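Hi,

Here is the structure I promised to pass on. Have a look at it first, and then read on for what turned up.

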Amino acid sequence: MRHFLTFEDFSKDEILEILALASKIKKEAKAKEYKPYLKNQTLAMIFEKSSTRTRVSFETGMYQLGGQALFLSSRDIQLGRGEPIKDTARVISSMVDMAMLRVYKQSDLVEFAKFSSVPVINGLSDDLHPVQLMADYMTMQECGSGDVVAYVGDGNNMANSWISMASILGFEIRIATPKGNETNPQITQKALQNAKKSGAKIILTNDPKEAVSGADVVTTDTWISMGQESEKEQKIKQFSGFCVDKDMMSLAKKDAIFLHCLPAYRGYEVSEEVFEKHAKEIFLEAENRLHAQKGVMVWLDSKRNG
């Protein structure tokens, strides 16, 4: 049995296999040929952090695969109300076929998976957001973009995930963050070690123009993550010069695409002009959350039953 918690748990071939499966399922969905890959199965969706795209994509995806999803907020279950995570994992996994957790601590995900009798998916943690990266890379494949990616912004779970994925797949990732807002040092160190095997090129800088110059893909994320709203004014000052506007985007390749995991705050991490020019790519990326996650769920199920 396999879980989907971090890219480090997968080989390059496995990640590409999941993406190929996601593309296949997407083509079937576009043709209205919904195959019941997960017929009569149930997905528990546990949310410590609320979300629009994560809930809709997993719930819709499970329905289209022939199963059903259950929305469980931390207010509705014992998780976060005193019961040990390992006990919650044992109980819930005895009643469902798969679980997706959107939490604060990555360690809580690891603990849940350790005691779960069913596959567990990382729907987001403060450290990593791998399902979003599967949708992002799927979008890159569909747009026919190259593999030089520039991430401009906060060294958050998205930046960590870009480093982690690049280190396994072997592409070039350039991360530009303001001083004091760098990526997680442990995740970065592991990625640098993996890059030696995969041939990935990982560049860390405090200069966004250096990162964007000649890039095939430019991407960013909100500067103020959920739960950090009190830091807004401080962040705005720290991130001066990090807005992906027309001038910055002009440094990338002429046919470069722009990605944003949403929600986007125009005038902060991205200008209105850049966002609207690349809206087609951004909303394709958003839709691909649905298809990429279906690929993840079907792949995990095949490994359990295979």
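The largest nonpolar core in this predicted model has 54 residues, and Phe 4, Ile 121 and Trp 162 have the most contacts inside it. Helix 6 (residues 157-169) gives the largest share of this core, with eight residues. There is also a second, separate core of 24 residues; Met 248, Ala 252, Ala 256 and Leu 262 are among them.

Next, helix 4 (residues 106-115). Its buried residues are Gln 106, Asp 108, Leu 109, Phe 112 and Ala 113. They sit on the same side of helix 4 because they cover an arc of only 155 degrees around the axis. The cover over these buried residues includes strand 1 (42-47), helix 3 (85-93), strand 3 (98-102) and strand 4 (120-124).

Last, strand 9 (residues 257-260). Ile 257 and Leu 259 point one way, Phe 258 and His 260 point the other way, and all are buried. In a regular strand, side chains do alternate between the two faces of the sheet. Strand 9 pairs with strand 8 (residues 217-220) in the parallel sense, over four bridges. Within that pairing, Thr 219 has Leu 259 of strand 9 as its bridge partner.

Cheers

Conventions
Residues numbered from 1 in each chain as written. Predicted model: local features only at pLDDT ≥ 70, side-chain atom pairs only at ≥ 80, totals over all residues. Heavy atoms only, no water. Buried < 20%, exposed > 50% of the residue type's maximum accessible area, 1.4 Å probe, protein only. Helix = DSSP H or I, 4+ residues; strand = E, 2+ residues; numbered from the N terminus. Pairing = 2+ DSSP bridges. Core = buried A, V, L, I, M, F, W, Y, C linked by side-chain atoms within 4.5 Å. Arc of directions from axis to C-beta. Contact = heavy atoms within 4.5 Å.
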